[in-house]
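Have a look at the model first.

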Amino acid sequence: MNFENSLAFAQSLDQVDPLRELRNDFLFPQQNGKPFIYLCGNSLGLQPKAAREVLDQQLTNWQNLAVEGWFEGDTPWMFYHKELKKQMSQLVGASALEVCPMNTLTVNLHLLMVSFYKPNAGRFKIIMEAGAFPSDQYAIESQVRFHGYDPATAIIEVAPQPGEYTLKTTEIIAQIKEHGDEIALVLFGGVNYFTGQWFDMPAITKAGHEVGAVVGFDLAHAAGNVPVKLHDWDIDFACWCSYKYQNSGPGGISGIFVHEKHFKDTTLNRFAGWWGYQEQQRFKMEKGFVPEAGADGWQVSCTQVMPMALYYASLQSFEKAGFINPLRVKSETLTAYLFYIIDEVNKSLGIEQYKIITPRTTNDRGAQVSIIAAKQGKHIFEKLVENNVLGDWREPNVIRLSPVPLYNSYEDVFKTGELLLSISKEIL
Ligand SMILES: *Cc1c(COP(=O)(O)O)cnc(C)c1O
């Protein structure tokens, strides 16, 4: 599409956007009596208006039913996760049996590594992207130590070439091949939090399997952002948080995926708890852990009803949108428009003040655009916020802007560019 740098053009795209009404289902933060242009859904998604209602409904159930709420009422808590599983599975390309809402993300990363990182003397290495989100680095490092290995030799980080920010799939695959039968686990992010690069998940999975490794993904920045097909891509396991692109609220419940091919494997270790026990027998309170079939068998503690209610509310907006594919269609163009607008700002300034480090190729990125300002990055970021454009700042020097197809418009993107240009002209 040939873009134009004008408000009228941006508005004309909004007019023909079939998803444009969805933004009315969300609440925008305000400053000085005006709503923010919110470009921070990569960090914390906006509150769906339905959130308060579903939470209130569960508070009422708790009030009226108390302990009986587990088995009585409109949504017995004991089975409430089943409602979510149907919609979660559609978002990540899995069967309902393969997914489950539980805990929070890093906790799930640990629990899944307990099952899927099974090092031995010959095969003990984990291969991951350099510059992964710190929580993943700490989790992986501590798992390696827990098994008695040294992170310095056991963790292989694939880093970009000098002077580059993103990884080439060929480099990732070359490293997987190089360490070959020493690799126990390939554990990558789906979309990198810093650069916004969407890795070639099927290619990485295939390469990992070819050397006999298990392959898992952290989908914190991918789930609800890009279309993934966890089952068809033959990924062994995955987990994600639901508070970024999925709008389930701060600290929202996480989701896990375990490929059905692992369901019958009784050799997998688990850190078990009563909620992972066979559902029909759970309340017999018997000795000896027998897992529930599917991903549900990885549950540990009794389920978190309030966070699930919030996730339920947020999943309704995805259902309304027709799940990920229609959103992705919009997202591809919306983010391409942001690339264009930033290029326009640079053109007007006559220098490359804003370097885009996110890959421009559609298949290599999601909604997020990461930019590095040549001069005064932090100051410019603060000015954006002061003027009601909320992205985020990531040390040491990156501004992340993520137009989210559920609630952002082309007009948002245009206005962000306009503001960026006027701030830059003032400061530089
Ligand atoms: C956001 C994010 C996390 C956060 O983990 P929590 O356990 O939810 O605090 C972890 N890993 C990645 C890759 C993330 O993007």
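A word on exposure before anything else: buried means under 20% relative accessible area, exposed means over 50%, and partly exposed is in between (1.4 Å probe, protein chains only).

## Ground rules

This is a predicted model, where local features need pLDDT of at least 70 and side-chain atom pairs count only at pLDDT 80 or more, while totals for chains, interfaces and linings use all residues. Residues are numbered from 1 along each chain as its sequence is written, and side-chain values use heavy atoms, with hydrogens and water left out.

The chain splits into domain 1 (7-47 + 323-427) and domain 2 (54-320), with bounds that come from an automatic or database domain assignment. Their C-alpha centres are 29 Å apart. Domain 1 puts 37 residues into the contact and domain 2 puts in 26, where contact means heavy atoms within 4.5 Å.

How much area is buried between domain 1 and domain 2? About 2,600 Å², with carbon and sulfur atoms giving 62%; buried area here is the accessible area (1.4 Å probe) that two parts lose on being put together, summed over both. On the domain 1 side, Phe 323, Ile 324 and Ile 357 supply 27% of what that domain buries against domain 2, more than any other three residues.

The side chains of Asp 25 and Lys 320 meet in a salt bridge at 2.6 Å, N to O.

Most residues other than glycine have a negative phi, and most peptide bonds are trans. Asn 32 is not a glycine, yet has a positive phi of about 50°, and with a relative accessible area of 70% Asn 32 is exposed. Met 285 has a positive phi too, about 55°, and counts as exposed at 56% relative accessibility.

Which peptide bond is cis? The one from Glu 395 to Pro 396, with omega near 5°.

Conventions
A salt bridge is a side-chain nitrogen of Lys or Arg within 4 Å of a carboxyl oxygen of Asp or Glu.
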